[in-house]
Amino acid sequence: MSLKNAAIAVRENAYAPYSQFKVGAAIRTPSGAVYSGCNVENAAYPEGTCAEAGAIAAMIAAGETELVAAYVVAGADKPVPPCGGCRQKLAEFAKGDIEITMATMAGEEQVIRMDALLPGAFDAAFLKE
Ligand code: THU
């Protein structure tokens with residue numbers, strides 16, 4: 001399945017009773033596998049999780065640790081950019097030159113490289129003393 005179709009399909013399952021804002025995310029790994037996730041909200045609002053986090057969790061649960069493309073879709077007027085926390089989560093598993101596509105349900109798309117989405121990222125290299 002294409003990343004676009006996977007993201008659109010999983011978005012249908014988003015649990016967003018509080019914001020009514022459904023998001024779907026799909027990522028591809030070097031093996032060609034596609035993992036998807038949707039946002040899962042909670043009555044304790046800060047406990048909600050983003051679609052990107054769900055897709056990454058599915059990838060890790062399947063035993064893979066690199067993503068080479070990502071697609072995020074929501075029902076907004078303009079393509080929705082991943083939140084700050086999700087930029088950091090994506091960067092943990094992506095090289096700087098991979099492309100992230102943000103999309104609307106109407107089909108508008110915007111493509112951005114990982115290193116443009118999170119310039120100056122904090123990464124594991126900083127942990128070495
Ligand atoms: N949300 C995502 O799932 N991904 C994003 O990139 C932006 C925001 C979710 C979180 C929350 O459930 C809803 O959208 C409104 O913020």
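**Reading the salt bridges**

Me: Arg113 has a relative accessible area of 40%, which makes this residue partly exposed. What does partly exposed mean?

Reply: Relative accessible area sets the class: buried is under 20%, exposed is over 50%, and partly exposed lies in between (1.4 Å probe, protein chains only). Arg113, at 40%, falls in that middle class. The model is predicted: local features need pLDDT of at least 70, side-chain atom pairs count only at pLDDT 80 or more, and totals for chains, interfaces and linings use all residues. Residues are numbered from 1 along each chain as its sequence is written, and side-chain values use heavy atoms, leaving out hydrogens and water.

Me: What counts as a salt bridge, and how many salt bridges does the structure hold?

Reply: Look for a side-chain nitrogen of Lys or Arg within 4 Å of a carboxyl oxygen of Asp or Glu. This structure holds 3 salt bridges.

Me: Which residue forms a salt bridge with Arg113?

Reply: Asp115 does; the closest N and O atoms are 2.6 Å apart. Asp115 is partly exposed, at 36% relative accessibility.

Me: Is Arg11 buried or exposed?

Reply: Arg11 is buried, because its relative accessibility is 13%. Its side chain meets that of Glu12 in a salt bridge (3.9 Å, N to O). Glu12 is partly exposed, at 49%.

Me: Where do Lys95 and Glu66 sit in the chain?

Reply: Their side chains meet in a salt bridge (2.9 Å, N to O). This pair links distant parts of the chain, 29 residues apart. Helices (H or I, at least four residues) and strands (E, at least two) are DSSP runs, numbered from the N terminus. Lys95 is in the loop between α3 (84-93) and β4 (99-104). Glu66 is in the loop between α2 (51-61) and β3 (69-74). Glu66 is partly exposed, at 25%.
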